[in-house]
Amino acid sequence: MTLTDPYNDTVRACFEKPGHAGDLQGEYAQSLEASAASSDQGMTVALSVGISDGMIVEMRFRAWACPHLIAAAQMLCADRQGRLTDSLQQFDVNGVMQQLSIPVEKTGRVLLLEDAVTSLWQQYTKLCKTDSGTG
Amino acid sequence: MSNGPIYLDYAATTPPDPRVLHVLQDSLGQTGSFANPSSIHAAGRQSAAMVAIARTQVAELLNTRQERLIWTSGATEANNLAIQGVANAREHRGKHLISMATEHKSVVDTFAALEKRGYKVTWLKPDGSGRLLLDSLSQAIRPETQLVSVMHVNNETGVIQDIHKIGMLCRERDVLFHTDAAQSVGRLAIDLAELPVDLLSLTAHKFYGPQGIGALFVADRPAVQLSPIMFGGGQERRLRPGTLPVHLIVGAGAAARIAADEMHENLSHMTAMRDRLWNGISDLDDLIRNGLPVHCYPGILNVSADGVEGESLMLGMEPVCVASGSACNATSGESSYVLRALGRDDLLAQSAVRFSFGRPTTAAEVDTAIDRYRWSVEHLRGIAPAKTGLLLK
């Protein structure tokens, strides 16, 4: 990113080839979906995860969004796929903004992604409680 | 193909024609026309003569007399002088003004400033094609109406207003008529000997002249009274004080002469480029062309794509330089008020791209724009959530 270029190399790479864009390809014991949207920002982001044995086997996103939010979603999915579902508890807004050089006025858009991740985690914990309750 | 930017934003500004640059450079420096044209010495008289030649060249482009033109810094200043100048001069006769919701910001904001001073402004909406309905104008004119301002060619959509009929109606109702012709002067034939226009704004950088110079045409009618909005040395009939920028004026004159000579050829080229681009993308699903083609200047093509976010579309279009339908402001994400006035919702307005073509535009550049636009739309639709599910519609 330069003074006149609002997008750094990571944003451009994620935008050009968002490998995690789309829907879940596999079938999983547990799959969850969450979305967040802002009419003010005119942005929508949706996340889906396929979970098996407490692991995120696959994570995908869809977005009607600016390049920064697309890149943030792509980076999130790439990072969380293959990790324990516990990793959905953490979302470092400041870290994402720094890594993608996201301007501060776009903070609200990154918070949308955080909302979607939080929703996924809440769904997962609820699911676990239900499973343990019925099991 | 070059890896540099492909410029398809000629509605924003045009590069100075090399022939204009040559004239402009010649007028600078010790041997040029650097002297103040208001000075009575020989060097000043030489500069004044150059200014007079340029004024005649611009007047000839518009088929009017050179003394009807007031040099300004561009169309924004010309619009301000026309609107504020009339409002101030005719304040005692009434404080009602009429304009359109689709005008350029320099007109909208000038009227808005007058509203804060107690003027009433009626904002007319266009029909779905972007054109003004004469009936709505007729109904809006009141006995106290002083000025109607309607732009000739819209800067976003290219929609051409029928300024002849609008002007006729204004004459019948004894109201002054101003038109912002920044997008049409030098691009479309304008005959001010025939058109019932009282005030017309232009800027040279839209027709391959330098930035920083424009003019206001003021019709030779007793009713057309203007008060100055700046004060100083009394230049330009005391309506626009300040030392004239001779080199810019000479450049504007040269640009006007070239535009007049090559207008027909340029229009044919614009039409070919626009049609090539539209033919290359029109088979994509859910595209909307903003502005009815039959009423549009061929140098502008404005297209909205359903299901595509505007800022991402701009990035996907690189290295093609086009204008977007959203304000260049990441904070607001505000969509084009012009397109919303045409009935487009926020998302469609935000997804709009304005392609605008120029003399240097080549078929190869248009083909690259087609490729990038197609890739971007398909790429972003591939990422987007299903329309019926998550899109905020």
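For pairing, I'm going by DSSP finding at least two bridges between two strands. To get from strand 5 to strand 6, the chain goes through helix 6 of chain B, residues 163–172, and this β-α-β crossover is right-handed. That is, with the strands pointing away from you, the path from the first strand over the helix to the second runs clockwise. Helices here are DSSP runs of H or I, at least four residues, and strands are runs of E, at least two, numbered from the N terminus.

Quick caveat: this is a predicted model, so local features need pLDDT of at least 70 and side-chain atom pairs 80 or more, while totals for chains, interfaces and linings use all residues. Residues count from 1 along each chain as its sequence is written, and chains are lettered from A, ligands numbered from 1, in the order written.

Back to strand 5 of chain B, residues 145–149. Strand 3 of chain B (residues 96–100) also runs parallel to strand 5, joined by 4 bridges, and there B:His96 partners B:Thr145. Buried or exposed, this strand 5? Mostly covered: 5 of its 5 residues are buried, meaning 20 or more other C-beta atoms within 10 Å of a residue's own, with C-beta atoms placed from the backbone.

Last thing, the contact between chains. Chain A gives 21 residues and chain B 17, where contact means C-beta atoms, placed from the backbone, within 7 Å. On chain A's side, strand 3 of chain A has the largest share, 3 residues.

Methods. A residue is buried if 20 or more other C-beta atoms lie within 10 Å of its own, exposed if 12 or fewer, and partly exposed in between; C-beta atoms are placed from the backbone. Two residues are in contact if their C-beta atoms, placed from the backbone, lie within 7 Å.
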